[in-house]
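Subject: Structure handover

Hello,

Here are the sequence and the structure for you to open. My notes on what was found follow below.

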Amino acid sequence: MACAVFCLSVPAKAQKVKKATQDTATFVVSMHCDNCKKKIENTLQFEKGVKNLNVNLADKTVTLVYDKRKTTSATLKQAIEKLNYTVEEKPKNTTSQAAKPKSSKTKRTK
């Protein structure tokens, strides 16, 4: 019985570790055609640490999920730049109070 509990809890624990070591980076890239998209996809899929990638030609963005233990967003940016594209990393969304828009309602005083 103890083995069954231990064996079933290992995958859940492994999932937590996996998420803790993964990060996402989104770049705006100067691509303009389908060949550019394919070139980026074919190159980045073999970069060390890349787990998933999405190249969106309409938005001119490249979104990568990568293993933080094996690479960094700066390294991935350089990999795209080596293909002769200009690259700008999009800032990550923050949910802090400073990032939230303030209410437009104001109180009137008499």
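Which residue meets Arg-69 in a salt bridge? The side chain of Asp-67 does, at 3.0 Å from N to O. A salt bridge here is a side-chain nitrogen of Lys or Arg within 4 Å of a carboxyl oxygen of Asp or Glu.

Before the rest, the ground rules. This is a predicted model, in which local features need pLDDT of at least 70 and side-chain atom pairs count only at pLDDT 80 or more, while totals for chains, interfaces and linings use all residues. Residues are numbered from 1 along each chain as its sequence is written, and side-chain values use heavy atoms, with hydrogens and water left out.

Salt bridges

The search of the whole structure finds two salt bridges. In the pair already named, Arg-69 is exposed, with a relative accessible area of 62%, whereas Asp-67 is buried at 3%. Buried means under 20% relative accessible area, exposed means over 50%, and partly exposed is in between (1.4 Å probe, protein chains only). The other pair is Lys-38 with Asp-34, where the closest N and O atoms are 3.4 Å apart. Both residues lie in helix α2 (residues 34-44), four residues apart, about one turn of the helix. Lys-38 counts as partly exposed at 43% relative accessibility, and so does Asp-34 at 39%.

Overall fold

The protein has three helices and four strands, following the pattern α-β-α-β-β-α-β along the sequence. Helices (H or I, at least four residues) and strands (E, at least two) are DSSP runs, numbered from the N terminus. The four strands form an open sheet in the order β2-β3-β1-β4, with antiparallel pairing. The edge strands, each pairing on one side only, are β2 (50-56) and β4 (87-89). From one strand to the next the twist averages 25 degrees. Two strands pair if DSSP finds at least two bridges between them.

Strands β2 and β3 (residues 61-67) run antiparallel and are joined by six bridges. Across this pairing, Asn-52 stands opposite Val-65 and Leu-53 stands opposite Leu-64. The two strands form a hairpin with four residues between them, and Lys-60 in the turn has a positive phi of about 60 degrees.

Helices on the sheet

Helix α2 packs on the sheet and touches β1 (22-29), β2 and β3; its direction makes about 175 degrees with that of β2. Helix α3 (residues 73-81) lies across β1, β2, β3 and β4, running at about 35 degrees to β1. Axes are lines fitted to C-alpha atoms, for helices over the stretch in contact, and angles run from 0 to 180 degrees between N-to-C directions. Contact means heavy atoms within 4.5 Å.

Core

The largest nonpolar core has 18 residues, and those with the most contacts inside it are Phe-27, Ile-40, Val-62, Ile-80 and Tyr-85. Such a core is a set of buried Ala, Val, Leu, Ile, Met, Phe, Trp, Tyr and Cys residues joined through side-chain atoms within 4.5 Å. The elements giving two or more residues to this core are β1, α2, β2, β3 and α3. Leaving aside residues up to four places away in sequence, Ile-40 touches Val-29, Met-31, Val-55, Val-62, Leu-83 and Tyr-85.

Of the 110 residues in the protein, 22% are buried. Among contacts with a separation of 6 or more, 62% are between residues 24 or more positions apart.

Regards
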